[in-house]
Amino acid sequence: MSSGTLEISSYKFVCDFVRNKSAIELDSSKSYLVESRLAPVIKAHGLQGLDHLVEALRKPNSQVLAKDVVEAMTTHETSFFRDINPFDALRKTILPELLKKRQTERTISIWSNACSSGQEIYSISMMLKESFPELAPWKVRLLATDISTQVIKKAQEGLFNQTETNRGLPMQMLIKYFQREGLNWRIKDDVRKSVEFRLVNLIEPFPDLPKFDVVFLRNVLIYFSPETKTEILVKIRKALKPDGYLFLGGAETTINLNVPFERENAGTCSVYRPR
Amino acid sequence: MLNTEDIQTISNTVCRDMLGLEFESGEADGTRMLSMVACIAISGDYRAVVEVAMTPKAANEVTTAMCGLEPGEVQESDVADSIGEIVNIIGGNIKGAIPGETKLSLPCVSLNADESQENSSPEKRQVFFRLAGEPFAVTLIPG
Amino acid sequence: MKILVVDDSKAMRMIVTRTVKQAGFSDHTFIEAGDGKEALEVIQQQTPDFVLSDWNMPEMKGIELLRELRSKGNPIKFGFITSESSPEVVREALDAGASFLITKPFTPERFRNELTAVLA
């Protein structure tokens, strides 16, 4: 890998871009890190180097590239039980409430959007097994979707390396729900098979889905314009049950968007309810 | 058991996640003395010695990253401590990837090692890296 | 809140303290001990609220420290930081009364999740 070849203006563009999308500051002394992390993204998108990447990022409809860039630069942000608060809210308030409300139909459905390698939905699945054994006879539907076939494939395999399992996953869950495969850990079949994975592009019409009790749409809207954000949220509203719950990323809100949601406090984080 | 690629993966993970430093692949460089050495023993169902060896400059790099020090503030005891901890973490991760009951020793460190006593076991697994341009080797010696 | 970091490596004590601070716990007080024996003294004299301890140390290992504390009836909250992640180690630690284990190499996120749950 060559070093010191990074164009200063392109480097600055990437830093600003990542800060805007993720609120993460890149250390300006680590340009070699930026270069080495972006190299696979540049290659995967068939681009000719950083300047070319910056040019592609400036174009409209570059969400997939934008997502890959931000993810490459903020890899530590993808983790099991990422930002623990929504999971705590789910466990402590929302699920106990739903368990009461859904006594008759005995079904619960949760949807994880832009699921990436599946950490979010697998975290939910493990939490259900761990804290709600009474759900065993219920019909529990866990759906995870992403825009990329490749990502879905990786998520379905449920194989995680040491770095990934070290992030956010309590050891007692690691040894209970995973088995070692060489240096990696594979999620056990009962968790893996509890999840359905599908390809969904948020900016296209959604496939026909039954309505959900809980939707996770975290750190996805940041990649879209206000108009597209609104469109997506309106579609999500339709995919939710009227008394359902929507989680956005910790730094995301519906402020300044004309959408049919109302913010509520759920423990230490916010949850959005259909209006 | 573990191949060189596994050793490479473990070493890379430790360095990146713990120190925020990026390892580049390197190759054996006979002209440079890797005089800073730390090793740790795995015993039990599987027996091996794990060793990290590097130049003083690479050791300095590890130490500043680990202790959050400025380059001028580094003392010898900090270097010994830091490279000992690196071999401890790499050794622990190797131990974890090996089936069976094993134990990890405490690390031992030499800041003035003589490479002429190099082990030539045929089962030796050795990986070379460059850390900030400086040579750095991780070796697993079973037996 | 006073957090005791126990590790025979000074470098490790520094990196643990730094990572815990990065995880959002920077306004707590951090105190240190170099092994289990020293930790026992420090716990008696300075009564920390939480112990973060290395596993493998000379002069009383982390697990011996935890067992010693529990045998004396001290219920102080206790988390391990280890470079080993075998199921045996995890079970031993949890059976002895540890709240969690964090494996090295670790990230601030990991500390954030575990400490938030324990300190809540």
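Which residue stands opposite A:Glu262 in β10(A)? A:Arg273 does, and point 2 picks up that pair of strands.

1. **What you're looking at.** This is a predicted model, where local features need pLDDT of at least 70, side-chain atom pairs count only at pLDDT 80 or more, and totals for chains, interfaces and linings use all residues. Residues are numbered from 1 along each chain as its sequence is written, chains are lettered from A and ligands numbered from 1 in the order in which they are written, and side-chain values use heavy atoms, with hydrogens and water left out. The predictor gives the complex an ipTM of 0.82 and a pTM of 0.79. Chain C has an average pLDDT (the predictor's confidence in each residue, from 0 to 100) of 92, and 100% of its residues score at least 70.

2. Helices (H or I, at least four residues) and strands (E, at least two) are DSSP runs, numbered from the N terminus. Two strands pair if DSSP finds at least two bridges between them. Strand β9 (residues 261-266) of chain A pairs with β10(A) in the antiparallel sense, over six bridges. The two form a hairpin with two residues between them, and A:Gly267 in the turn has a positive phi of about 65 degrees. Strand β10 (residues 269-274) of chain A is mostly covered, with five of its six residues buried. Buried here means under 20% relative accessible area, exposed means over 50%, and partly exposed is in between (1.4 Å probe, protein chains only). A:Cys269 is buried, at 13% relative accessible area.

3. **A three-stranded sheet in chain A.** This open sheet has the order β3-β5-β4 (chain A), with antiparallel pairing. Its edge strands are β3 (159-160) and β4 (178-181) of chain A, each pairing on one side only. Two bridges link β3(A) to strand β5 (residues 184-187) of chain A, and A:Phe160 sits opposite A:Trp185 in β5(A).

4. **Both ends of α7.** At the start of helix α7 (residues 149-157) of chain A, a side-chain oxygen of A:Ser148 comes to within 3.3 Å of the backbone nitrogen of A:Gln150. Just after α7(A), A:Gly158 takes a positive phi of about 65 degrees.

5. **A:Ser79 and chain C.** A:Ser79 lies in the loop between α4 (63-73) and α5 (85-101) of chain A, and it is buried, with a relative accessible area of 4%. Its side chain makes a polar contact with the side chain of C:Glu109 (3.5 Å). A polar contact is a pair of N or O atoms within 3.5 Å; within protein, one must be able to donate a hydrogen and the other to accept it, and residues adjacent in sequence count only if both atoms are side-chain atoms. Leaving aside neighbours within four places in sequence, A:Ser79 is in contact (heavy atoms within 4.5 Å) with A:Gln119, A:Arg167 and C:Glu109.

6. **Cysteines.** Searching the whole structure finds zero disulfides over all chains, a disulfide being a pair of cysteine sulfur atoms within 2.5 Å. The sulfur of B:Cys108 is 3.3 Å from the closest cysteine sulfur, in B:Cys39, which is too far for a bond. B:Cys108 is partly exposed, at 43% relative accessible area.

7. **Chain B overall.** Chain B has three helices and seven strands, in the pattern α-β-β-β-α-α-β-β-β-β along the sequence. Buried residues make up 51% of its 143 residues.
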